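My entries follow in the order in which I went through it.

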Amino acid sequence: NLSDFEYCTWDIFPQNCYEVAKNSKVVFGDLVEELKEELSAIRPYKAVFDQNYVKNLTGEHTKNGKTKMDLAIELMRDIETFQKEKRCDRLVMIWCGSTEIYKKKSAVHSSLEAFEKGLQNNDSDIAPSMIYAYAALKLGIPYANGAPNLSADIPALETLAEKTGSPT
């Protein structure tokens, strides 16, 4: 039943989902007002953000981990907190963030071992969407990329998805 669904989000802006939807005009017509109560109740977690990947936005509501692995761990904690608080049996993560700059696959994407080392070493070829994908897949959560950028479709994360039985 649709009323059984719970939603959470991460955003670089601290406003609730109603305010963001209204300001960004991503929900059209009267629908945003019809959904005001439900959307107002959804407050975002701080986001993983890297200005190098999205040039036209500035993040103000962002995580501060020292390494990209720290950021992934923070995301996993957010996911576990949400699941516990909302008593969710199953989760799905959908990347709906801004399209990131074009990147080709590189050595850090070639294996799970290389990717995890890259997370520890803040490799510049690991995009925020990949950190979200890693966090979801590491917890066995299906992941979908809703933007045309390189995300979970790299050998390292394909291996992790297979290892945890998580669809992508």
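**Helix packing and the core**

I began with the pair H6 and H7, where Met-130, Ala-133, Tyr-134, Leu-137 and Lys-138 of H6 meet Leu-157, Leu-160, Ala-161 and Thr-164 of H7. Sorted by class, the residues of this contact are 7 nonpolar, 1 polar and 1 charged. I note here that the model is a predicted one.

I then looked up the geometry of the pair: the axes of H6 (residues 128-138) and H7 (residues 155-164) come within 9 Å and cross at roughly 20°. Angles under 35 degrees count as roughly parallel, and H6 and H7 are therefore roughly parallel to each other. The crossing in which H6 passes H7 is left-handed.

Next I turned to H5 and H6, which pack at an angle of about 120° with their axes 12 Å apart. That angle makes H5 oblique to H6, and the crossing of the two is left-handed. On the H5 side I found Leu-112, Phe-115, Glu-116 and Leu-119, which meet Met-130, Ile-131, Tyr-134 and Lys-138 in H6. This contact divides into 6 nonpolar and 2 charged residues, with no polar ones.

How many of the residues of H6 are buried? I counted a residue as buried when its relative accessible area is under 20%, and 10 of the 11 residues of H6 are buried, so this helix is largely enclosed by the rest of the structure. Among the buried ones are Pro-128, Ser-129, Met-130, Ile-131 and Tyr-132. The cover over the buried residues of H6 includes strand E1 (10-11), H4, E3, H5, strand E4 (143-145) and H7.

I went on to the largest nonpolar core, which has 42 residues, and of these Phe-115, Tyr-132, Tyr-134, Tyr-143 and Leu-157 touch the most other members. Helix H4 (68-86), strand E3 (93-95), helix H5 (112-120), H6 and H7 are the elements that give two or more residues to this core, and H6 gives the most, with 8 residues. Leaving out residues up to four places away in sequence, I listed the neighbours that Tyr-132 touches as Trp-10, Ala-47, Val-48, Leu-75, Met-93, Trp-95 and Tyr-143. A second, separate core has 6 residues, including Tyr-18, Val-32, Leu-39 and Ile-42.

**Loops and backbone angles**

I looked for positive phi values and found one just after H6, where Gly-140 has a phi of about 80°. Arg-87, a residue other than glycine, also has a positive phi, near 55°. Arg-87 sits in the loop between H4 and E3, and its relative accessible area of 75% makes it exposed. Asn-122, likewise not a glycine, has a positive phi near 55°. I placed Asn-122 in the loop between H5 and H6, where it is partly exposed, with a relative accessible area of 36%.

My last entry concerns Thr-58, in the loop between strand E2 (45-46) and H4. Is Thr-58 buried or exposed? At 58% relative accessibility it counts as exposed, and yet Thr-58 touches Ile-12, Phe-13, Phe-49 and Gln-51, with residues up to four places away in sequence not counted. I also looked up its separation from Gly-118: Thr-58 and Gly-118 are 60 residues apart in sequence and 24 Å apart in space, C-alpha to C-alpha.

Note on methods: Residues are numbered from 1 along each chain as its sequence is written. This is a predicted model: local features need pLDDT of at least 70, side-chain atom pairs count only at pLDDT 80 or more; totals for chains, interfaces and linings use all residues. Side-chain values use heavy atoms; hydrogens and water are left out. Axes are lines fitted to C-alpha atoms, for helices over the stretch in contact, and angles run from 0 to 180 degrees between N-to-C directions. Helices (H or I, at least four residues) and strands (E, at least two) are DSSP runs, numbered from the N terminus. Angles under 35 degrees count as roughly parallel, over 145 as roughly antiparallel, 65 to 115 as roughly perpendicular and the rest as oblique. A crossing is left-handed if the near helix is turned anticlockwise from the far one by less than a right angle, and right-handed if clockwise. Contact means heavy atoms within 4.5 Å. Ala, Val, Leu, Ile, Met, Phe, Trp, Tyr, Cys and Pro count as nonpolar, Asp, Glu, Lys and Arg as charged, and the others, Gly among them, as polar. A nonpolar core is a set of buried Ala, Val, Leu, Ile, Met, Phe, Trp, Tyr and Cys residues joined through side-chain atoms within 4.5 Å. Buried means under 20% relative accessible area, exposed over 50%, partly exposed in between (1.4 Å probe, protein chains only).
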